[in-house]
Amino acid sequence: MFGQKVQAIMFPHATRKAPASDSATPQKRADLKVCGDCNLCCKVYDIPDFEKKAGQTCHHVRAEGGCGVWGLHPQICQDFKCLWLKHDDMNALWRPDVCGFVLRVEPNGTTLAVDVDPDRPHDWRRAHYYDQIKIWSEVMPKNEGLVLVYAPEGLYVITPMEDLFLKAPKRGDILETGMEPSLFGMRPFARVVPARERRKERTDGVPRRA
C-alpha cells in the first residue's frame, strides 16, 4: 500500500504462554536480583503443565508470595526470566508486582512485550512507566522493532505518535505494522491478518499486497 514498509509477526498462540528465555543481553540474571515474593508471571501466562490459563493465578502460589513447588516447578517456568530480572539498569519500580506488568522480548528479538496484570489494567499508563514505554517505541517508525502492550481488553501497538488498539489476536494471526502516507504526513498503522485469510491466500496462490 503506497510502497510502505511492513513489519509482520505471527501470534503462535491464542493466550499468552510463558516464553523461554529470550536472546536479549545480558543473558545471566542481574546480581542481587531475585523473584522474592513477586509472582506475576505465575498469573499472566499459560502454564500447560498445570493446565493453568493466562489471567488466573497458579494454584501453587503461596499466600505470602513465592512458589509453593519451587525447585520442582515446570521447566517452562524455570527457563523464563523477565526483563527486570535480567537487566541491572531496571530498578525496583520495574519489578512486575510493583509496576503491574511483566516485560519480556518476543522470540524475534526486536519486539518488546508488556504483559499486563488483568487486575491492574491501567497501571502501565502511569506517567513513570508510560513515558518510558513511549521512548522505547521510537524504534517503530524506523522499522527496527515494536512495543506491544497485551492488555485485558486487547492489544496496543505503541508508537511515538499514537497508540493503536486492536482486538486480541488469535492463534496463527499475523500482525502487520508500518508507516503510511496520510494528509498529515506519515502515520503509523497496525492491522491483524486472520489466520484463515492467510490460509486462503496460500490456497489461492494470491500474494498479499503490502
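Modeller: Gladly, and let us begin with a definition: buried means under 20% relative accessible area, exposed means over 50%, and partly exposed lies in between (1.4 Å probe, protein chains only). By that rule, 43% of the 210 residues of the chain count as buried. This is a predicted model, in which local features need pLDDT of at least 70 and side-chain atom pairs count only at pLDDT 80 or more, while totals for chains, interfaces and linings use all residues. Residues are numbered from 1 along each chain as its sequence is written, and side-chain values use heavy atoms, with hydrogens and water left out.

Colleague: What makes a stretch of the chain a helix or a strand?

Modeller: Both are DSSP runs, numbered from the N terminus: helices are H or I over at least four residues, and strands are E over at least two. The chain has six helices and eight strands on that basis. From the N terminus on, the order is β-α-α-α-α-β-β-α-β-β-β-β-β-α.

Colleague: Why is strand 5 called largely enclosed?

Modeller: Strand 5 covers residues 154–158, and five of the five are buried, so the rest of the structure largely encloses this strand.

Colleague: How do you know that strand 4 and strand 5 pair?

Modeller: Two strands pair if DSSP finds at least two bridges between them. Strand 4 (residues 146–151) and strand 5 have five bridges, in the antiparallel sense, so they meet the rule of at least two. Val-147, for instance, has Ile-158 in strand 5 as its bridge partner, and a hairpin of two residues joins the two strands.

Colleague: Which strand does strand 5 meet through four bridges?

Modeller: That is strand 6 (residues 163–166), and the two run antiparallel. Here Leu-155 has Leu-166 in strand 6 as its bridge partner, and a hairpin leads from strand 5 to strand 6 through four residues.

Colleague: Why are the buried residues of helix 5 said to line one face?

Modeller: Helix 5 spans residues 127–136, and its buried residues are Tyr-129, Ile-133 and Lys-134. Seen down the helix axis, they fall within an arc of 130 degrees, so they line one face of helix 5. The arc is that of the directions from the helix axis to the C-beta atoms. Their cover includes helix 4 (96–99), strand 2 (101–105), strand 3 (111–116), strand 4, strand 5 and strand 6.

Colleague: Is Lys-134 buried or exposed?

Modeller: Lys-134 has a relative accessible area of 16% and is therefore buried, the limit being under 20%.

Colleague: What makes a polar contact between the side chains of Lys-134 and Asp-163?

Modeller: A polar contact is a pair of N or O atoms within 3.5 Å; within protein, one must be able to donate a hydrogen and the other to accept it, and residues adjacent in sequence count only if both atoms are side-chain atoms. The side chains of Lys-134 and Asp-163 make such a contact at 2.9 Å.

Colleague: Where is Lys-52, and is this residue buried or exposed?

Modeller: Lys-52 sits in the loop between helix 1 (41–44) and helix 2 (75–79). At 5% relative accessible area, Lys-52 is buried. A polar atom of its side chain lies 3.5 Å from the backbone oxygen of Cys-42.

Colleague: Why does Glu-51 count as exposed?

Modeller: Its relative accessibility is 71%, and exposed means over 50%. Glu-51 belongs to the loop between helix 1 and helix 2 and has a positive phi of about 55 degrees although it is not a glycine.

Colleague: What makes a group of residues a nonpolar core?

Modeller: A nonpolar core is a set of buried Ala, Val, Leu, Ile, Met, Phe, Trp, Tyr and Cys residues joined through side-chain atoms within 4.5 Å. The largest one has 26 residues, and those with the most contacts inside it are Phe-101, Leu-103, Val-114, Trp-124 and Val-149. Strand 2 gives the most to this core, with four residues. A second, separate core of twelve residues includes Met-140, Val-157, Leu-166 and Met-179. In soluble globular proteins, nonpolar side chains tend to be buried together.

Conventions:
Contact = heavy atoms within 4.5 Å.
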